[in-house]
Amino acid sequence: MHFHGHNHGHQKGAIGQQLLRYRVVAMVLELGIVVHSIVIGLGVGASNDVCTIKPLVAALCFHQMFEGMGLGGCILQAEYKTVKKAAMVFFFSITTPFGIALGIALSKTYKENSPSSLITVGLLNASSAGLLIYMALVDLLAADFMGPKLQGSMKLQIKSYVAVLLGAGGMSLMAKWA
């Protein structure tokens, strides 16, 4: 007696689970970046000090580029339809300018150093930063670092750790001026 069976249903289920995970990661990352971008834009728009604005714009461009690359990779992995991809790209692209416009509009009433403004901005920054750190470490880096390709090569692991440390150091250096 010979049984020949395939477990295609299980394989489809695993692929569907992974796709769902990618989609959740992309949406949560988008949410974190959107909140973060609006808050940063608000700070840039409300600031009246040119010495503060120039380094903020430089830091903003630098880190928006890397956020965009990370989010773009997540959006591609999530295999969304074109309309959904376009909507996510649109929201990523428009949130910082929206925050800047909001900051400019509120600059007369928004007191940058008032206790309520500092608490509100601090809470929004802390929540979006925590969300982004979680996403980076748990959903993005952990998946790559625990994958078979990286686990099979000590040389690749060392290069990856050095790249992560250089990236974190570069961002910390940029934060000095922001």
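Modeller: Contact here means heavy atoms within 4.5 Å. In this predicted model, residues 24 or more positions apart account for 81% of the contacts in the chain with a separation of 6 or more.

Colleague: What makes up the secondary structure of the chain?

Modeller: The chain has 6 helices and 0 strands, in the order α-α-α-α-α-α along the sequence.

Colleague: Why is cysteine 74 called buried?

Modeller: Buried means under 20% relative accessible area. Cysteine 74 has 4%, and is therefore buried.

Colleague: Is cysteine 61 buried or exposed, and why?

Modeller: The cut-off for exposed is over 50%. Cysteine 61 has 52% relative accessibility, so cysteine 61 counts as exposed. A search of the whole structure finds 0 disulfides.

Colleague: What makes glutamate 79 count as exposed, and where is this residue placed?

Modeller: Glutamate 79 has 54% relative accessibility, and exposed means over 50%, so glutamate 79 counts as exposed. Glutamate 79 lies in the loop between helix 2 (50-77) and helix 3 (82-106). Its phi is near 55°, a positive value in a residue other than glycine.

Colleague: How does the radius of gyration of the chain stand against that of a compact globule?

Modeller: A compact globule of 178 residues would have a radius near 16 Å, but the chain has 21 Å. The C-alpha atoms fill a box of roughly 85 × 40 × 25 Å along the principal axes.

Notes:
Residues are numbered from 1 along each chain as its sequence is written. This is a predicted model: local features need pLDDT of at least 70, side-chain atom pairs count only at pLDDT 80 or more; totals for chains, interfaces and linings use all residues. Side-chain values use heavy atoms; hydrogens and water are left out. A disulfide is a pair of cysteine sulfur atoms within 2.5 Å. Buried means under 20% relative accessible area, exposed over 50%, partly exposed in between (1.4 Å probe, protein chains only). Helices (H or I, at least four residues) and strands (E, at least two) are DSSP runs, numbered from the N terminus. The radius of gyration is taken over C-alpha atoms; the globule rule is 2.2 Å times the number of residues to the power 0.38.
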